[in-house]
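Please read the following briefing alongside the sequence and the coordinates.

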Amino acid sequence: MPWGWIIGLGLVALVIFRIYYVVHVLKARDLAFFVGAMLQSLQLGSLYALIALGYTMVYGIIRLINFAHGDVFMVGAFLAYFLFSRSPYALPWALIWAALSAWGVMFVLNLWRGSFRDPIVIGGGVVAMAGLTYALSATTVNWLLAMLLSMLITGVLGVVIDRVAYRPLRGAPRISLLITAIAMSFFLENTGLLVFTRNQTPFRPPTEWTQYLQFPVFGSTVYTTRLIFLIPLATALLVVALTLFVTRTRLGKAMRASAQDPETAQMMGVNVDRVIATTFLLGSMLAAAGGVLWGLNFGSLNQPAVMGILPGIKAFAAAVIGGIGSLPGAVIGGVLLGFLENFVTALFPRTQHFAGLTEYKDTFAFILLILVLLLRPSGIVGEDLSEKV
Amino acid sequence: MSEKRMRNAVLTLLGLGLVAVVLYLVQASGNAKLAQVMALFAIWGIAAVSLNLINGTTGILSLGHHGFMLVGGYATALLMLPEAARARISESARSQMTPFTLGLSVESWMRAIGLPGLATPGTLWVRFLIALLIGGLLAMLFGLLVGVPSLRLKGDYLAIVTFGFGEIIRLLASTHLLGPFTNGALGYNGVPGNFGTSLWWTFGILALTVFVMTKLKFSSYGRALQAIREDEIAAEAMGVNLAYHKVFAFALSAFFAGVAGGLWVSYLAAARLDFFLFFLTFFFLVAISVGGTGSYTGVLLGTAVVVFVQQYGDPLEQPYSLHTWLALVGVIIAAVALGAAWLRRSRRLRPVWHPLLFPLLGIGVVAVLTALVGSHWAPLTGTFQAFGMRRILLAVLLVAIMVVRPEGIMGRAEFSWAWVFRERRDQPSDEERAQDAWLSNPELNREASDDEGEG
């Protein structure tokens with residue numbers, strides 16, 4: 001589509017011109033600042049991409065805007081925090097959470113193994129129980145282990161949410177499903193306040209990845225952290241793993257088939273409910289990974305009631321920009337949104353007569369979302385999803 | 001027929017009179033908490049009823065109602081702000097307001113147009129009425145703005161766009177762009193509070209809103225809106241102007257939301273941005289979904305449920321000892337297991353006791369037993385206060401109602417006197433009988449007999 005290229009290249013040219021203007025005419029910023037902003041955008045964009053993948057996969061299969069996904073992301077971040085830091089839970093509570101999570105793991109494994117007496121199901125439950133009791137009662141756990149455990153539990157949570165709230169509504173109007181998702185989001189936010197904390201929480205696991213890093217560029221210095229390597233690399237790793245799963249395995253093939261046409265897939269012998277559960281599992285696991293990396297990136301977690309909302313809605317915007325229902329689209333949209341959001345504020349710095357655009361950063365994401373939905377709901381690489389008569 | 005209409009009108013008036021007596025008694029009894037709860041019910045009722053015009057009658061899920069309320073609320077607050085509060089704002093160094101925006105006041109306008117009689121403390125109610133009207137009209141403008149995307153989008157995408165608009169309004173209100181009008185994050189204090197807490201004002205405007213909405217529902221406009229809800233394409237084929245009717249619904253709904261916002265600001269005697277968060281829209285959504293999507297009776301019922309949980313749910317958020325909480329968690333887990341088994345039995349799934357239910361039941365029972373036995377065990381001493389329990393309850397209620405009974409308690413049925421007197425229209429009238437006789441009489445209606453013969 002030539003118009004897409006023309007608009008895209010025009011935008012890039014405008015940005016370059018504006019950078020030149022800000023650096024050489026306004027002299028408000030130097031070039032190294034923009035290199036730093038570029039790196040930061042990549043970091044932020046990778047995080048958006050991780051969350052957007054969950055939105056796009058769920059929308060692709062059951063056409064649901066999973067409003068609760070941002071809050072699943074919040075749960076993932078806080079779970080990891082309470083796993084690697086000293087947990088506030090006394091032994092009975094640790095045991096209850098561990099038992100519930102182990103039960104959830106067994107529930108999910110049972111979906112694929114089909115029998116409760118299967119050694120994998122029982123073994124998974126026992127391992128999860130032991131690991132979680134240890135992690136919750138131990139003073140500190142390695143943050144990577146905490147992240148993996150958090151991904152596991154959050155994935156299970158996603159499956160349970162689907163089973164309890166969404167699966168009874170298969171075939172109901174999509175609006176009913178959306179209302180249920182909003183209720184689920186509200187439930188998770190307030191339960192988070194109850195179970196986790198009511199405060200902004202520092203998120204500083206003992207790791208070398210958050211150390212500062214600086215290197216000279218264009219006669220000036222760019223300041224960043226080692227996370228500039230970790231976050232995009234982790235995202236790329238997860239995305240590659242997801243792509244391999246979707247393209248190379250039987251379950252992935254079933255997933256693509258269900259996304260294309262659930263009814264026909266069912267007729268061909270695909271267990272669509274199991275496929276949807278898998279989708280929720282994978283999406284929530286990616287969201288949890290995103291949550292941990294988000295915490296590392298910002299060094300603190302907002303309080304549970306608000307932490308998930310803005311990242312969630314921005315990631316949804318990213319999924320729509322990329323083209324909802326498409327995996328590469330979510331990644332492209334996420335990175336693009338990261339760049340746009342950072343550069344809107346970086347390109348219009350505070351000057352004598354102008355307060356800068358920093359305070360419009362969140363508004364910008366919403367405006368972008370509305371514009372994309374209005375002008376090109378199919379996104380950059382997406383198929384046309386407009387309803388046909 | 002007209003006899004029955006007469007009877008219904010008289011009964012409605014009597015009912016309104018009864019409500020007025022109840023309001024009078026509540027006010028006379030001096031029960032401040034009850035009066036406050038009822039005022040809140042009326043204010044949220046106005047907003048929920050107006051949201052129902054979009055969500056229930058027209059069938060468009062709109063999630064931006066808190067934005068409309070914000071516009072109406074801030075406009076009313078600014079226009080009604082007393083001089084003393086204005087002086088405090090202009091002295092404050094952190095204020096963003098300009099002399100122009102500080103001069104926006106109904107009181108000074110009344111003086112300027114030569115009506116000093118309307119600028120006295122005794123005529124505050126006239127100024128409040130004017131401010132409410134202006135607030136409603138401003139919200140209506142925003143409603144028009146939000147209604148326009150509804151021409152291009154449908155369903156969940158449109159819902160997200162309305163949500164985005166609601167959030168944009170709230171986010172912009174704290175920036176330098178709208179800061180001179182909203183006083184940024186500081187907001188206003190000292191808004192006259194004697195209207196939002198007055199039962200006569202709130203219930204009067206609620207009655208007006210319900211009157212307008214029900215009249216609208218059964219008018220040609222309302223039928224057109226309901227036709228849009230059932231099937232847009234069929235409605236358009238029948239000659240319903242989709243664009244006009246949708247934008248009309250948004251604008252009217254936003255107007256009443258703005259009025260509700262004005263009363264809400266007066267109820268709280270202040271205007272701040274955190275009074276207009278998404279939770280308001282969520283509460284109205286709960287009210288609509290629980291009561292019955294599309295039924296104004298149901299919406300009022302749902303609002304009563306929401307207000308009751310919010311206002312009388314304090315016992316849920318008191319500090320209780322930890323072993324009580326452990327027992328509660330255990331009971332909930334066990335109840336989930338038992339409920340799942342019950343559902344499996346009612347759906348004739350075998351085995352009723354799925355193997356996975358046993359561990360769940362076991363966790364619950366163990367937790368309850370631990371709580372019962374170990375009330376003196378060290379980790380279980382101490383208390384815990386569950387803030388936010390009411391909202392969790394409302395969220396669970398909404399999920400439950402969507403899963404179990406998606407149409408809500410009332411469905412689309414409305415309260416009516418015919419329903420009270422059990423007047424069923426299962427006996428056809430004489431006119432209908434005559435028509436039927438004509439249709440089924442082969443001598444009079446040749447076509448009917450032909451069809452039967454062919455069949």
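L213(A) stands opposite T224(A), which belongs to strand β3(A). The model is a predicted one, in which local features need pLDDT of at least 70 and side-chain atom pairs count only at pLDDT 80 or more, while totals for chains, interfaces and linings use all residues. Residues are numbered from 1 along each chain as its sequence is written, and chains are lettered from A and ligands numbered from 1 in the order in which they are written.

**Hairpin in chain A**
- Strand β2 (residues 212-217) of chain A and strand β3 (residues 220-225) of chain A run antiparallel and are joined by 6 bridges, where strands are DSSP runs of E with at least two residues, helices are runs of H or I with at least four, and both are numbered from the N terminus; two strands pair if DSSP finds at least two bridges between them.
- The two strands β2(A) and β3(A) form a hairpin with 2 residues between them, and F218(A) in the turn has a positive phi of about 50 degrees.
- β2(A) is hardly covered, since the count of buried residues among its 6 residues is 0 (buried: 20 or more other C-beta atoms within 10 Å of the residue's own; exposed: 12 or fewer; partly exposed: in between; C-beta atoms are placed from the backbone).

**Helix α6 of chain A**
- Helix α6 (residues 143-166) of chain A has 24 residues and reaches 32 Å from its first C-alpha to its last, close to the 34 Å expected, the expected span being 1.5 Å times one less than the number of residues.
- Because 18 of its 24 residues are buried, α6(A) is largely enclosed by the rest of the structure.

**Contact between the chains**
- 46 residues of chain A are in contact with 45 residues of chain B, contact meaning that the C-beta atoms, placed from the backbone, lie within 7 Å.
- On the side of chain A that touches chain B, α7(A) gives the most, with 15 residues.

**Backbone exceptions**
- Most residues other than glycine have a negative phi, and most peptide bonds are trans.
- R63(A), in the loop between α2 (31-62) and α3 (69-84) of chain A, has a positive phi of about 55 degrees although it is not a glycine, and R63(A) is partly exposed, with 17 other C-beta atoms within 10 Å.
- N183(B) has a positive phi near 60 degrees and counts as buried, with 28 C-beta neighbours inside 10 Å.
- The peptide bond from R350(B) to P351(B) is cis, with omega near -5 degrees.

Methods:
Two residues are in contact if their C-beta atoms, placed from the backbone, lie within 7 Å.
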